[in-house]
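Colleague: Thanks for sitting down with me. Could we go through the terms used for this fold, one by one?

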Amino acid sequence: MPDTSSDQPSDAPALPDLPVTFRPGRTRAVLLGAAAAIFGALSLLALLLDQVDPGERLSFVFTGALLAGALVLLARPRVEADESGITVVNIVGRRRLEWAQILQVNLRPGDPWVFLDLSDGTSMPVLGIQPGIARERAIADAKALRALAVARSVADPDASRG
């Protein structure tokens, strides 16, 4: 029987099994759907317009691809957590952090996404957990990441692995 008499309050979230990936699922679906629709619409428009020359047709397709690419980049953010730490993937960057580097996981009211307070004194945005159109999911993901960070960043990491 697991030890439930720890310092965690009874409403503390259960630790998710590792590895786990946190990402804004609904936002991602909307962005990827919009990317496909924009690319498809501009490509179809290029094919259907009889009065445009091939260079202009190509510019319609290229513009559609450019806009779709921007939306795909916006759908990229995620947080991948494993036994040794997390990988934060934001729009154009990726950073690997060990559990001990994470001091606090913050998602305050009005924040557009989670922020990590790091041991080097900086704060890092984590766009992979954002309360945009799925607020409850983002709050649950932030609590799970916070619980993982607390459990994994203790002085004796073997003691936190139960």
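Modeller: Gladly. Four bridges join β5 to β6, and these strands run antiparallel. This is a predicted model, where local features need pLDDT of at least 70, side-chain atom pairs count only at pLDDT 80 or more, and totals for chains, interfaces and linings use all residues. Residues are numbered from 1 along each chain as its sequence is written, and side-chain values use heavy atoms, with hydrogens and water left out.

Colleague: Why are β5 and β6 said to pair?

Modeller: Two strands pair if DSSP finds at least two bridges between them; β5 and β6 have four, so they pair. V105 has L116 in β6 as its bridge partner.

Colleague: What makes β5 and β7 edge strands?

Modeller: The open sheet has three strands in the order β5-β6-β7, with antiparallel pairing. β5 and β7 each pair on one side only, so they are the edge strands.

Colleague: How do you know that α3 packs on the sheet?

Modeller: α3 touches β5 and β6, where contact means heavy atoms within 4.5 Å.

Colleague: And why is one set of residues called a nonpolar core?

Modeller: The name applies because its members are buried (under 20% relative accessible area, 1.4 Å probe, protein chains only) Ala, Val, Leu, Ile, Met, Phe, Trp, Tyr or Cys residues joined through side-chain atoms within 4.5 Å. The largest one has 24 residues, of which I86, I102, L116 and L145 touch the most other members. Its largest share, six residues, comes from α3. A second, separate core of five residues includes A35, A68, L71 and A75.

Conventions. Buried < 20%, exposed > 50% of the residue type's maximum accessible area, 1.4 Å probe, protein only. Helix = DSSP H or I, 4+ residues; strand = E, 2+ residues; numbered from the N terminus. Axes fitted to C-alpha atoms, helices over the stretch in contact; angles between N-to-C directions.
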